[in-house]
Amino acid sequence: MPPTVFTLPQQWPGPYDAKAADLLVERVSELEPAHRELLNDPAFLAMIRSLGGNSPYLADLAIREFPAVASLVEVGPDPVVDNALAALRTLPADSPRPAVASALRQAKRIVALCTGIADIGGLWPLERVTRALSDLAQEALSLSMRHLYVQAHAAGQVRLPDPADPETGCGITILAMGKLGAWELNYSSDIDLIVIYDPTAPAFSVTPPDGISRLAVRMTRDLVSLMADRDAGGYVFRTDLRLRPDPAATPLAIAFDSAMTYYESLAQNWERAAMIKARPIAGDLAVGQEFLDALRPFVWRRGLDFAAIADIHAMKRRIDAKIGTRGFGDAQDPVALLAGWDVKLGEGGIREIEFLVQTLQLVWGGRDPTVRVRATFAATGALVQAGHMTQETADELKIAYTFLRRVEHRLQMINDRQVHAFPKAADELERVAVFLGFPDLAALARAFLACVASVRARYQTLFDRVPELDLPNGPASGPVLDFGPSQDGVAGTVATLEAMGYRDAEHVVERVRAWLAGHVRALRSERARALMTTMVPTILSSLSQQADPDETFRRFDRFIGALPSGVQPMSLFQHNPMLLERVATVLGAAPRLAEHLARYPSALEGLIANDIGQAPLPMLQSRLGTTVDLQDSIQIIRRTVMEQDFLLSVATLEGRMDADASGQARSALADATLTELIPRVLADFSTRYGTVPGGGMAVVAMGKAGGREMMAGSDLDLLLIYDHPPDVTESTGARPMAASQWFVRAVHACIAALTAPGPEGQMYATDMRLRPSGNKGPVAVSLNGFIRYHAQDAWTWERMALTRARVVTGPPELSARITEAIGQAIRRGDDPATIRADAATMRARMGRDHPAYGVWDVKLRPGGQVDVEFIAQVLQLIHAPADPALCSQTTAVALTRLREAGYLPPEDTAILLQANLVWRTIQEILRLTVGRVTTAELPAAPACLLREAVARAGVPSVDMPDLLRKLEAIARQVRAIFVRHVGEPGG
């Protein structure tokens with residue numbers, strides 16, 4: 001024998017049937033001498049006894065395909081399986097039908113034998129076992145399709161574009177479904193297929209139009225025959241076509257358009273779940289991929305589809321009702337419980353793991369393409385990565401899935417039967433325990449029941465949530481909430497609602513009755529009203545926690561009235577209890593956000609989708625995809641900006657983001673918008689007006705956007721700077737124009753795109769007044785003009801504004817030159833006394849022309865945000881010539897660097913940093929809640945949110961008067977620092 005390059009493991013499950021094990025050893029010893037020598041190897045002998053004593057099916061295969069066993073012992077299972085699959089790939093497609101059938105069945109025998117040995121001996125992990133079986137199915141289906149098409153071509157029934165490559169352009173595609181689609185085929189599995197054909201395919205050009213369907217059906221029958229017919233060589237795969245659209249009423253092969261019509265109009269959620277694993281496996285793969293691409297909006301709905309949870313769980317309940325449930329009681333005998341338990345469909349079984357994972361994929365996959373994966377293990381990993389499943393849950397499910405599939409495989413290996421349930425007879429149960437390597441049946445029962453109990457617990461966490469009423473003062477006595485016609489019930493309900501804090505409880509009762517009677521568009525369907533009925537107690541309880549329950553309820557009523565459908569939102573609330581609390585907070589405190597929620601109910605989904613943690617640029621790029629049309633791009637970007645603005649606003653209200661974090665996030669969103677939108681606008685503009693050869697334009701963010709401190713409702717302060725070669729004076733194209741005019745018109749196109757209103761509102765308001773010469777100058781500024789202006793004519797306040805300027809997007813070389821020009825303007829080195837005097841004069845003018853409108857105008861009040869920013873900007877202009885590294889567009893960073901460089905005392909820096917955060921926090925909360933307030937008194941809900949936010953910023957208070965006193969003290973300190981470092985305003 002050749003030298004051994006592979007070593008069999010020493011440990012194998014012992015034989016359950018010792019006589020059968022001895023018989024297989026005896027049959028092996030009767031083979032030719034080269035093979036008999038293997039019996040001297042203890043590991044080989046243990047393997048043979050394990051096969052013979054546990055699986056009559058594998059024992060017969062071992063004798064019939066013993067050369068494959070001998071090769072496996074020598075080189076391992078991988079080369080043997082690979083060679084068997086290669087034999088199918090290289091078999092000529094024009095071989096006679098018996099030769100094709102024989103080759104398919106031999107490959108099945110070899111692969112089944114080797115995967116069985118590799119699985120039993122632990123040579124392969126589960127993924128490799130199922131992949132080998134799936135690869136066998138793929139090669140078998142592909143060979144069969146090639147063979148059938150070559151025959152049809154020879155008979156003149158089809159005309160293949162390339163007879164040497166029969167599958168390409170053949171028009172019939174085979175979609176692998178279920179475990180085959182996910183490369184997870186089990187040991188004795190059916191293969192689930194859907195056959196789709198495209199009547200317009202080139203191959204059908206010679207087929208009469210009325211005969212294409214008959215031909216496709218006949219070829220499908222022939223394909224099934226090649227796979228499933230039994231003969232002396234066995235069979236390849238049992239084949240199931242019942243996952244096709246409406247199998248009772250449709251032919252075995254269904255036309256492309258007919259299938260699409262079904263899925264778009266009649267298909268159910270379980271059919272969507274089934275399509276998660278679908279993939280083209282044989283035949284015309286291009287048609288298959290085109291079909292799945294067209295089907296993508298059906299499978300992956302843009303909205304978060306929590307309603308799918310109920311549908312899929314209902315399907316599982318029907319399964320439970322059919323096969324029965326057992327429970328996991330400690331008092332029950334584990335072995336008795338094990339008998340007859342269905343490993344696939346029973347409680348805590350394989351199907352529950354698959355349903356759990358696929359349901360989460362359906363819910364989130366419309367918004368997050370990263371979770372659109374077929375294989376179970378890969379799907380759990382993707383869900384963890386996306387934040388929709390914990391790592392602990394994924395690990396637990398992976399362990400359970402591996403164990404359950406191992407059990408399933410052993411059950412099926414015994415006699416090659418498609419069984420999924422443990423036998424009921426005690427001796428057969430003992431056989432399974434021995435085959436799985438357990439010391440006794442009790443040990444198997446304990447391990448199995450612990451496994452399925454853990455799966456059932458994870459499954460119930462997702463599917464079995466029941467909302468309960470949570471009253472603020474404990475459970476109410478007597479009738480709690482009764483919205484029926486009974487006057488006694490109404491009286492009790494009114495009393496309960498008043499105890500919860502509602503003042504106008506009768507109005508609440510009246511409106512809830514209207515909901516439950518279907519007088520609201522969203523609640524006209526029976527299912528929507530049923531969901532609302534279960535959710536009413538929780539809804540009313542959550543709304544009652546707000547400072548003004550009645551006003552919050554009225555806003556929620558408007559929200560319900562604006563919904564196009566109630567099933568989806570109620571399902572979201574039912575399966576995400578925290579979502580309702582977050583919505584109640586928004587409705588109770590932020591009218592502007594409440595109005596947005598009423599106009600765009602889809603904003604609900606963003607509150608639970610974790611989109612807020614995504615980097616905005618990749619998110620925008622993903623959503624834009626291959627979009628080319630400018631108007632489509634604007635619409636996608638605008639929708640994303642409004643959606644993210646809402647999410648950031650809610651996160652700020654809830655205290656999950658402070659002013660610094662939200663400022664950075666809003667600015668990053670603006671950066672991403674400019675980065676994606678401006679090049680698209682310029683490309684579109686160039687198609688209509690030509691280009692300026694060698695020219696380019698960059699976008700400079702100023703103000704809050706430049707400082708990465710944007711707030712809700714912040715304008716985009718922008719400066720657009722262009723440059724072109726000196727010898728280029730005109731644009732190209734049919735109607736040339738002066739280069740400067742081209743850039744001016746291009747800027748107008750960019751601003752129009754940024755500010756264009758849509759159904760969601762305006763993407764951004766823009767402010768161009770910080771450009772050289774302000775509103776009097778051109779909207780597009782040449783780089784040379786910018787440099788010249790700031791060298792000769794710029795005012796001190798304009799150079800102060802440049803400390804917050806940064807290039808966001810543009811050609812790299814031009815962007816670098818603009819950045820250098822900005823730095824040179826900041827480092828110009830004017831007289832410090834002049835800088836201070838100009839800044840003090842400017843601050844006095846602002847105080848005179850734009851006085852603070854009240855105590856809450858923390859931007860313009862003396863010692864407010866403007867004072868903080870002026871201090872940072874003046875000191876940068878004074879000290880940057882000697883120390884350029886201290887400059888930063890972000891105020892807090894600039895103040896910190898000034899302190900580190902010794903230009904600002906630590907005690908002054910601490911006060912300014914706190915004031916910078918507190919002032920921006922107040923501005924943000926007020927913008928989100930009440931807007932501009934001219935009196936000191938605030939409504940209860942915004943006042944509470946404001947005090948909480950300012951406390952998180954480092955200034956706790958016992959009540960509003962206390963907070964106002966502390967804010968006044970901070971303002972006095974900031975103004976004193978301003979006077980020390982800048983000067984007395986107006987001095």
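In this predicted model, the axes of helix α40 (residues 906-928) and helix α42 (residues 960-981) come within 10 Å and cross at roughly 130 degrees. Axes are lines fitted to C-alpha atoms, for helices over the stretch in contact, and angles run from 0 to 180 degrees between N-to-C directions. Helices (H or I, at least four residues) and strands (E, at least two) are DSSP runs, numbered from the N terminus. α40 and α42 are therefore oblique to each other; angles under 35 degrees count as roughly parallel, over 145 as roughly antiparallel, 65 to 115 as roughly perpendicular and the rest as oblique. The crossing of the two helices, α40 and α42, is left-handed, a term for a near helix turned anticlockwise from the far one by less than a right angle.

Contact means heavy atoms within 4.5 Å. On the α40 side, the residues that meet α42 include Ile911, Ala915, Val918 and Trp919; the α42 residues that they and others of α40 meet include Leu967, Ile970, Val974 and Ile977. By class, the contact of α40 with α42 has eleven nonpolar, three polar and two charged residues. Here Ala, Val, Leu, Ile, Met, Phe, Trp, Tyr, Cys and Pro count as nonpolar, Asp, Glu, Lys and Arg as charged, and the others, Gly among them, as polar.

Helix α42 also holds Arg972, which is exposed, with a relative accessible area of 52%. Exposed means over 50% relative accessible area, buried under 20%, and partly exposed in between (1.4 Å probe, protein chains only). Arg972 lies 5.9 Å from Gly863, C-alpha to C-alpha, although 109 residues separate them in sequence.

The largest nonpolar core has 163 residues, and those with the most contacts inside it are Phe44, Phe291 and Phe422. Helix α8 (residues 126-154) gives the most to this core, with 13 residues. Apart from it lies another core, of 118 residues, among them Ile539, Val567, Ala915 and Val982. A nonpolar core is a set of buried Ala, Val, Leu, Ile, Met, Phe, Trp, Tyr and Cys residues joined through side-chain atoms within 4.5 Å. Beyond its neighbours within four places in sequence, Phe422 is in contact with residues including Leu338, Trp341, Val407, Leu429 and Phe448.

The chain has 42 helices and twelve strands. Of its 987 residues, 56% count as buried.

Residues are numbered from 1 along each chain as its sequence is written, and side-chain values use heavy atoms, with hydrogens and water left out. As the model is predicted, local features need pLDDT of at least 70 and side-chain atom pairs count only at pLDDT 80 or more, while totals for chains, interfaces and linings use all residues.
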